[in-house]
Amino acid sequence: MGLETGAHPVVVVARPAVIHLLSRLPVSPATSPSSPRFWFPRTVERIPYLLVAAFGLWVIWPIPAGQMPLSADHTVHLSRVAMTADLMAHGRLSGWSDAWFFGTPIGDLYPQLADLWVIAVRALSLWQLDWPAAYALGFGSVFIARGLIACAVGQTLGLGPLVGTVAGLLTLADPGYAREGGWMYTMWFGVWPQALATSLCWLGLSRLWRALDAWREEPAPPGRRRRSVAAAAALLGAALLAHPMAATMLAIATPLVIVCVVGRRRSSWRTDLVVAAIIFVTAAAVATWWWLPMLAHRSYAASYGWLHVSWSKLIDLALDGQWTRRMPHAAGYLAAGGLAYAAIRGRAWLRFVGAFAVLLWLASASDVYWLLRPDRISDGFTHIQYQRFLPAAKPGFFVLAGVCVAVPVHWARQRRGQLAAWLGAAVSASALAWLVPATYAAMIEHDVGKVPLERRAKVDHFERDYQALLAWLEERVAREPRPAPVWFRAGRNVHWLMDATALTGTRVYKSGFTPGDNFVHKPEGDDPALLDRLGVRWIITTGRARAGERPVTRFGPIRVLERSPADDSRITVHGPGRVEEVDVQLERGLIRAELVDAGAHTRVTFPVAGYPRWTLSLNGAEVDWYEVSPLDPENTATAAQRRAGAWRDGKARGDDGSAPLLIEAPVPESGSLELRYGYRSTTDRLGGGISLVALVGLVVLGWPARRRVPAMVAAAERALEQFVAVAASHVRARWIAVTTLAVAVAVGSRWWSAADEEAHRGSGWLARGDASRVRSIYAGPLKTDMRIRPAGLVKRRHRKDATATFERIEVPDQLSGWFALDDDEAQFKSRGTHRFSVAIRVDGAEHPLLDRTVPHRPGRTALRLDTKRWQGQTADIIVRVRSEKRSPRLGFELNLEQRRR
C-alpha cells in the first residue's frame with residue numbers, strides 16, 4: 001500500500017491546492033478589512049482554518065501520507081472507484097460491470113461525486129499515485145474539509161473567529177456512533193459520501209445566505225452578485241451528486257429558507273425569494289444528469305428502510321447534553337445555549353442554522369415519521385435510514401456550540417469597556433475550559449485518531465499474507481484471458497478482500513451484503529447451483545472447506561479453495577434448441593448468440609442480472625424479457641411488476657438475495673440473438689443536456705472579477721440582474737399564498753388518497769380507533785423485510801393477552817395479511833415467544849382460523865386464511881397475541897377490504 005514512487009507526488013499535488021485554498025478562504029463580514037473594527041491583519045483571520053486543518057492532519061495521520069484506511073467499507077469503495085475509472089476510459093460516466101455477481105450498473109443508482117474526486121486526485125498526480133494512495137488522499141481531504149466547512153459556516157455568522165474554530169474542531173473530534181456520523185461511521189465504517197454531501201449542503205446554504213446579502217448591497221462590488229449565486233448553486237448541486245440524503249436535506253431547507261427570508265426584511269424579501277429560487281433551480285439542474293436516470297430506474301434500487309429511536313428518547317439524550325450519542329456533554333449543553341441565543345437574539349441566518357439543525361434532528365425520530373406519514377406521499381420514504389438525519393444535523397449543533405462560546409467575547413467587543421472585555425473573555429475561556437477536556441476525553445474513550453490501517457488488526461502478519469494472496473490472484477489474471485471469478489466467503493460486514501478488484505482486476509463475488517452499491521440484485525448464500533451459474537472456480541475464506549471443495553494454497557489464515565463449476569455460466573436454453581457462436585463482451589454491454597433448432601416452448605436464459613437498460617432482440621426485432629431466479633425457475637418478475645414496486649423487499653441480514661435475477665425470454669424461433677446495454681436513453685440525454693447548460697452558466701457567472709471581464713460574462717451579469725429585478729417586481733404575496741396552497745392541496749390529496757387505501761387494513765382501523773376491545777395493541781411503524789410498514793404493533797410489556805376485534809366485516813372467501821417480528825430484534829437471541837391467533841365470530845360462535853407460534857426469524861409470514869364457509873356473511877375478526885418473557889416486537893396486518901355495514 002501507499003505511494004508507488006514515495007511521498008513526493010503527494011507534495012506535488014497538495015502544495016498548489018493548499019496555497020489556492022488558503023488564498024480563497026472566506027473572511028468574516030464582521031472583521032473584513034473595510035470594517036472599522038478590523039483588529040488584526042487578514043493572515044490572523046485565516047488562523048481558525050489553519051488550526052482546524054492542522055488538527056485534522058494530526059487526527060488522521062498517516063492517511064495524508066498516502067496510507068489508505070482498510071476497515072469496513074473502504075475496500076468496497078476503492079473497487080467501485082476503479083470500476084468507474086474503467087468506464088471513463090471508454091468515454092462513459094456510468095455503465096455495466098461484471099466485476100460483482102451477475103453484473104451491476106455502476107453510476108446509475110449510487111451517486112458518483114466521491115468516486116470522481118478520488119479519480120481526479122490520481123489524475124492530478126499524473127497517475128503517479130496508485131489507487132490506494134489516491135483513495136487515501138481523496139478520503140483524507142474530504143475528512144479534513146468537513147472541519148474547514150464547519151469553520152466557514154461558523155464564520156459567516158459575524159460573531160468572530162471562535163465560532164468557526166470551535167465548530168471545525170468539534171466536527172473532526174466527533175466520536176460518532178453507528179449511522180450518526182463522526183469518526184466511527186466516517187472513518188471506521190468508511191461511509192464518507194454522506195459526510196461529503198452533508199458538508200457541501202451546509203456550505204452551499206451558507207453561501208446562499210451570503211448571496212442574499214450581496215443582492216442587498218448598494219452599490220454591490222463588481223461581480224459579487226453573480227459569483228455568489230454561482231458558488232451557492234455549484235455547492236448545492238455538488239451535494240446532490242454526493243449522496244441522496246442531500247435531496248432530503250434541501251427539501252427540508254427550502255420552506256425554511258422561505259420563512260426566514262419573508263420574515264427578514266419587507267423591503268427586499270421579493271428579491272431574496274427570486275435569488276434563492278435561481279440558486280435552488282440551478283443546483284437541481286446541475287445534478288439532473290444523475291437524478292433523472294436514477295429516478296427512472298428507482299424500482300431496481302435496494303431497500304434500506306430503518307427507523308430510529310422515539311422522540312422521547314431523543315429528548316432524554318438532549319437533556320443529558322447529547323443531541324447524538326457519544327457527543328461530549330459539554331458540547332451538547334453549549335449547543336443548547338447557542339440554540340437559545342439564536343432563538344432570542346439571533347439574526348436570520350443564525351436562526352436558520354438553529355431551526356434547520358433541530359428539524360433534521362427531529363426527522364430521525366420514529367414518532368415524527370408516524371405523525372407525518374411521509375410514506376403516503378412517496379414510497380421512497382419507506383426505504384430511508386432515518387438515523388442518517390443525525391449526521392446531517394451535527395454541523396448545525398457544532399456551530400451552535402461555537403456560538404455559545406463566542407457570544408460573551410462578541411458582547412464584550414460591542415461594549416468596548418475594559419471590564420466587559422475581561423468579563424467576556426473569562427466566560428468564553430470558562431466555556432472552552434469545560435469543552436476542551438470533555439472533547440479530548442471522548443476522543444480517547446472512543447479511539448478517535450486511531451486510524452484503521454490493518455484489515456484484521458487482531459491477526460498477526462495478516463497484511464503480509466494478504467499481499468501474497470494478491471500476487472497469486474494477479475498471476476492468474478495475467479495468465480488467463482478471462483480468469484474465473486472468486487467467491488469471497490465471509491461475514492456480512494467483512495469486506496477485506498473486496499479491493500482485489502481494483503488491485504488485481506479480479507472479479508470478486510461476496511456472499512451477502514456488499515455496501516456502496518444500491519442495485520437490488522445481490523445474491524446471498526453460496527448454494528453450489530448459484531456458484532455454478534456464476535462460473536465460480538475459486539473460493540477465498542478463513543474458514544474450512546466444504547463438500548466439493550479442495551484446498552489449493554494457503555497464505556497464513558487465508559485459504560484458497562478450488563471447485564469444479566458446471567458449465568452453466570453461459571447462455572442456457574430450456575426446451576428445444578441450442579446456442580452456437582456465443583460472443584460475450586460485457587465490458588461493451590453486448591452479448592450475441594446464434595439460436596438454432598428452436599421450438600414453440602424454447603426459453604433462453606442469459607447470465608446477466610435484469611435491468612431496464614438491457615434490450616433483447618431476435619433477428620433485429622425486440623423481444624420482451626423477464627427476470628428469473630437462478631435457483632427457482634418458477635420465481636419470476638416482469639418489468640411491470642418491478643415498476644409497481646414488487647421485489648424491493650430486502651432481508652434483515654442482507655438485501656434482496658431472494659429476488660429474481662437473470663434475464664430470460666421465450667424465443668419460439670431460431671435466429672440471431674443480441675442482448676445490448678443501452679448507455680444513452682432519452683432520459684439520459686435530457687438530463688445531460690440540462691446539466692451541461694447549467695454548468696456552462698455557472699462557469700460564466702462564476703468567472704473571476706477582474707478589471708476587464710469577457711463580454712459574455714458582462715452580458716450574463718446584466719441579464720441576471722435584469723431578470724432578478726423584473727421577476728422580483730412581479731412577485732406578489734397572494735401568488736405565493738396561492739402557489740403554497742396549490743402544492744399543499746396536491747400533496748394533501750395524495751396523502752389522503754393513500755390514507756383511504758389504508759383505511760381498510762387492520763392498521764388503519766387501529767389508527768382511527770375503529771377496532772373494539774383493544775388491549776395492548778396499537779397502530780405504528782414496523783421495520784420488516786428492510787422496509788418500514790404500517791402495522792398493528794403489540795406492546796412490549798403486557799400481563800394479559802393482547803387482543804383487538806374488527807367488527808362487522810363482510811367475510812371474503814380468503815382473509816389475507818401477514819405478521820412479522822422487527823428485523824433488528826429478530827436477529828438477536830430469542831428471550832421469549834409470541835403465540836399469534838386469528839379467529840372469526842359469526843352469530844355469536846367463535847371459530848379459530850389460525851393459532852401458531854411466531855418463528856424467531858426476520859421476514860414477513862403471509863396469511864391466507866380460508867373463510868369460504870362464511871363468505872358474504874357479517875362477522876367479527878379477532879386477533880389475539882400471547883407473549884412470554886421479553887419477546888421481540890411483533891407486528892401484523894390484515895386486509896379488511898370490505899366495508900363495515
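Residues are numbered from 1 along each chain as its sequence is written, and side-chain values use heavy atoms, with hydrogens and water left out. Because the model is predicted, local features need pLDDT of at least 70 and side-chain atom pairs count only at pLDDT 80 or more, while totals for chains, interfaces and linings use all residues.

Rolling a probe the size of a water molecule over the atoms shows where empty space is left. Here a cavity is a set of points, on a 1 Å grid over the protein atoms alone, where a 1.4 Å probe fits but cannot get out, and its lining residues have an atom within 4 Å of a point. Grid points are joined across faces, edges and corners, and a volume is the space filled by probe spheres set on the points. A search of the whole structure finds 5 cavities of 30 Å³ or more. The largest cavity holds about 160 Å³ of space. Its lining is made up of 16 residues, and Arg146, Gly181, Gly182, Ala195 and Pro391 lie nearest its centre. Helices and strands are named here from DSSP runs (H or I of at least four residues for helices, E of at least two for strands), numbered from the N terminus. At least two lining residues of the largest cavity come from each of α8 (182–188), α9 (193–214) and α18 (389–415). Sorted by class, this lining has 6 nonpolar, 7 polar and 3 charged residues; Ala, Val, Leu, Ile, Met, Phe, Trp, Tyr, Cys and Pro count as nonpolar, Asp, Glu, Lys and Arg as charged, and the others, Gly among them, as polar.

The second largest cavity contains about 50 Å³ of space. Around it stand Leu473, Arg476, Val477, Glu480, Pro483, Ala484, Val486, Thr506 and Trp538. Helix α20 (residues 462–479) gives the most to this lining, with 3 residues. The classes here are 6 nonpolar, 1 polar and 2 charged residues.

Trp538 leads on to strand β5 (residues 538–541), which is covered on both faces: Trp538 and Ile540 on one side and Ile539 and Thr541 on the other are all buried. Buried means under 20% relative accessible area, exposed over 50%, and partly exposed in between, with a 1.4 Å probe and protein chains only. Two strands pair if DSSP finds at least two bridges between them. Strand β3 (residues 486–489) pairs with β5 in the parallel sense over 4 bridges, and Phe488 has Ile540 as its bridge partner in β5. Strand β7 (residues 558–562) pairs with β5 in the antiparallel sense, over 4 bridges; there, the partner of Trp538 is Glu562.

A further group of 5 strands forms an open sheet in the order β8-β11-β16-β14-β15, with antiparallel pairing. Its edge strands, β8 (572–574) and β15 (636–637), each pair on one side only. Between β8 and β11 there are 3 bridges in the antiparallel sense, and His574 has Arg603 as its bridge partner in β11.

Thr605 also lies in strand β11 (residues 603–609). Thr605 counts as buried because its relative accessibility is 3%. Contact in general means heavy atoms within 4.5 Å. Leaving aside neighbours within four places in sequence, the residues in contact with Thr605 include Arg533, Arg570, Val628 and Leu662.

Among the helices, α13 (residues 288–296) has Thr288, Trp290, Trp291, Pro293 and Met294 buried. These buried residues pack against α10 (224–240), α11 (245–262), α12 (269–286) and α24 (682–701).

Some backbone details complete the picture. Trp61 and Pro62 are joined by a cis peptide bond, with omega about 15 degrees, and Pro62 is found in the loop between α3 (47–60) and α4 (74–89). Asp447 is not a glycine, yet has a positive phi of about 60 degrees; this residue sits in the loop between α19 (418–445) and α20. Asp447 counts as partly exposed because its relative accessibility is 38%. Asn619, not a glycine either, has a positive phi of about 55 degrees and is found in the loop between β12 (614–618) and β13 (621–623). With 47% relative accessibility, Asn619 counts as partly exposed.

Technical notes:
On a 1 Å grid over the protein atoms alone, a cavity is a set of points where a 1.4 Å probe fits but cannot get out, and a pocket is an open set with protein on both sides within 12 Å along at least five of seven lines; lining residues have an atom within 4 Å of a point.
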